[in-house]
Amino acid sequence: MLHLSFISKYLPLAALFTSSFLLPGQARAQFAFAPGHYKLATGAQGDADLKLVLAEDNRPGAMAGIRNGQERSFRLAQVAAFSVDGHSFARQDGFKLRAGFDAQFADPVLLETVVADGPIEMFHYYYVAQMGPLKAHITLAVLRKKGTNNFFVYSPKHAPGLTAQQALSPLVAGLFPADPILQRQLVSNQITRVQLPDLVRAYNKGVRLKP
């Protein structure tokens, strides 16, 4: 969500974050109303035009929906899961990697499921961060061993709002003990966020990198 008036003045900063963190075109769709399906924490569910609203300034994150011409927002604590335009989100309680404007609110977060099949799961965590005069949408790859609630961030570059201790690549590498080459590439931040989903899927299927 870069303001164009700042692009030319702060081009180095904008260029730095565009490749690693700003939302790609295919991901922006979930932040505009599109047909989707929701399930609330109460068990109620249905179809509506939905979108994800990120925490910003004094406004917590929410799921917004339009049904029968009426627009309504649901706090993330009220939402169990929803899908929109090919993106599937699930609520995560006690998420410890909150950052940016998201860090000031106590509600759970909604993580987008990227890889769900296999021993290693991958998600995208979206938030808004203030960077000097800019506000930017940040996309973080977070991974965990299936069946656990311990998430690890893989961020080849600095993730605004997270400390270095929260984004240590060796912790992510530890999720892949059967592939030493992949581990080394993760530790040295050679894997891009774009490449990571396919590598996780391949690892889950038993494929190992060769020297």
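Good morning. The second largest cavity of this structure is lined by A55, P60, G61, L76, R98, D102, F105, D107 and P108. A word on terms: on a 1 Å grid over the protein atoms alone, a cavity is a set of points where a 1.4 Å probe fits but cannot get out, and lining residues have an atom within 4 Å of a point. What we are looking at is a predicted model, in which local features need pLDDT of at least 70, side-chain atom pairs count only at pLDDT 80 or more, and totals for chains, interfaces and linings use all residues. Residues are numbered from 1 along each chain as its sequence is written, and side-chain values use heavy atoms, with hydrogens and water left out.

Let me stay with the cavities. The second largest cavity has a volume of about 30 Å³, where a volume is the space filled by probe spheres set on the grid points, joined across faces, edges and corners. The lining of this cavity divides into five nonpolar, one polar and three charged residues. In this classification Ala, Val, Leu, Ile, Met, Phe, Trp, Tyr, Cys and Pro are nonpolar, Asp, Glu, Lys and Arg are charged, and the others, Gly among them, are polar.

How many cavities of 30 Å³ or more are there? The count is two. The largest cavity holds about 80 Å³ of space, and its lining consists of L52, V53, L54, A55, G61, L76, D102, V109, L110, Y125, Y126 and Y127. By class, that lining has 10 nonpolar, one polar and one charged residues.

Which strand gives the most to the lining of the largest cavity? Strand β8 does, with three residues. At least two residues of this lining come from each of β2, β7 (109-115) and β8 (120-131). Strands here are DSSP runs of E with at least two residues, helices are runs of H or I with at least four, and both are numbered from the N terminus. The lining of the largest cavity also draws at least three residues from each of domain 1 (30-117) and domain 2 (119-210); the domain bounds come from an automatic or database domain assignment.

L52 is found in strand β2, and is buried because its relative accessible area is 5%; buried means under 20%, exposed over 50%, and partly exposed in between, with a 1.4 Å probe and protein chains only. The C-alpha atoms of L52 and L110 are separated by 8.7 Å, although the two residues are 58 residues apart along the chain.

I turn now to the chain as a whole. The chain has five helices and 10 strands, and 45% of its 211 residues count as buried. Among contacts with a separation of 6 or more, 52% are between residues 24 or more positions apart, a contact being heavy atoms within 4.5 Å.

Next, strand β8 again, where E121 lies. Is E121 buried or exposed? E121 counts as buried, because its relative accessibility is 8%. The side chain of E121 makes polar contacts with the side chain of R144 at 2.8 Å and with the side chain of K146 at 3.1 Å. A polar contact is a pair of N or O atoms within 3.5 Å; within protein, one must be able to donate a hydrogen and the other to accept it, and residues adjacent in sequence count only if both atoms are side-chain atoms. Beyond its neighbours within four places in sequence, E121 is in contact with V115, A116, V142, L143, R144 and K146.

Finally, the loops. T42 lies in the loop between β1 (34-40) and β2 (45-53), and counts as exposed because its relative accessibility is 72%. The side chain of T42 reaches the backbone nitrogen of A44 at 3.4 Å. T42 and A80 are 38 residues apart in sequence and 8.3 Å apart in space, C-alpha to C-alpha.

Two further loop residues have positive phi values without being glycine. For D57, in the loop between β2 and β3 (62-67), phi is near 55 degrees. For N189, in the loop between α4 (180-187) and α5 (196-204), phi is about 60 degrees. D57 counts as partly exposed at 37% relative accessibility, and N189 is likewise partly exposed, with a relative accessible area of 31%. Thank you.

Technical notes: 1 Å grid on protein atoms, 1.4 Å probe; cavity = no way out; pocket = protein on both sides within 12 Å on 5 of 7 lines; lining within 4 Å.
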